[in-house]
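Keep the viewer open as you read.

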Amino acid sequence: MRSEVFRRAGGRCQADGLHHPDCPGVLKPGWAWNAHHIQPRSKGGADELENLLAVWTGGPAASGCHARLHSNPALAKSLGLLAGRAA
């Protein structure tokens with residue numbers, strides 16, 4: 001599934017509007033990136049292509065652009081990067 005997410009993203013970080021300042025924009029196989037769930041698994045989100053985005057982590061999964069998505073849920077929701085209504 002990760003390779004499909006990467007391919008669909010064209011090798012680019014999809015955290016549009018919430019990129020970390022150090023985000024390279026272009027991802028390379030083997031670099032630190034994560035298949036981010038738009039609808040989180042903890043809220044019933046599936047491991048399906050339609051629910052996943054390629055986002056740069058910059059290291060552990062809880063850093064980089066991925067961390068910014070979860071640290072700014074209202075903005076992430078308004079940008080369509082997290083499911084649910086924006087606060």
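The side chain of His 36 has a polar atom sitting 2.7 Å from the backbone oxygen of Leu 81. That counts as a polar contact, meaning a pair of N or O atoms within 3.5 Å; within protein, one must be able to donate a hydrogen and the other to accept it, and residues adjacent in sequence count only if both atoms are side-chain atoms. Before going further, note that this is a predicted model, where local features need pLDDT of at least 70, side-chain atom pairs count only at pLDDT 80 or more, and totals for chains, interfaces and linings use all residues. Numbering starts from 1 along each chain as its sequence is written, and side-chain values use heavy atoms, with hydrogens and water left out.

Back to His 36, which is part of strand S1. Helices (H or I, at least four residues) and strands (E, at least two) are DSSP runs, numbered from the N terminus. Is His 36 buried or exposed? With a relative accessible area of 0%, it is buried; the cut-offs are under 20% for buried, over 50% for exposed and partly exposed in between (1.4 Å probe, protein chains only). Its side chain also makes a polar contact with the side chain of His 66, at 3.4 Å. Leaving out residues up to four places away in sequence, His 36 touches a set of residues including Asn 51, Val 55, Leu 69 and Leu 82, where a contact is heavy atoms within 4.5 Å.

His 66 takes us to helix H2 (residues 64-71), whose buried residues are Gly 64, Cys 65, His 66, Ala 67 and Leu 69. These buried residues pack against strand S1 (33-37), strand S2 (52-56) and helix H3 (73-78).

Strand S1 also holds Trp 33, a partner in the one aromatic pair that a search of the whole structure finds. Phe 6 and Trp 33 lie 5.5 Å apart, centre to centre, with 45° between the planes, so the pair is tilted: rings of Phe, Tyr and Trp (its six-membered ring) pair if their centres lie within 6.5 Å, and planes under 30 degrees apart count as stacked, over 60 as edge-to-face and the rest as tilted. Because Phe 6 lies in helix H1 (residues 2-8) and Trp 33 in strand S1, the pair ties together parts 27 residues apart in sequence. Phe 6 is buried at 17% relative accessibility, and Trp 33 is buried at 9%.
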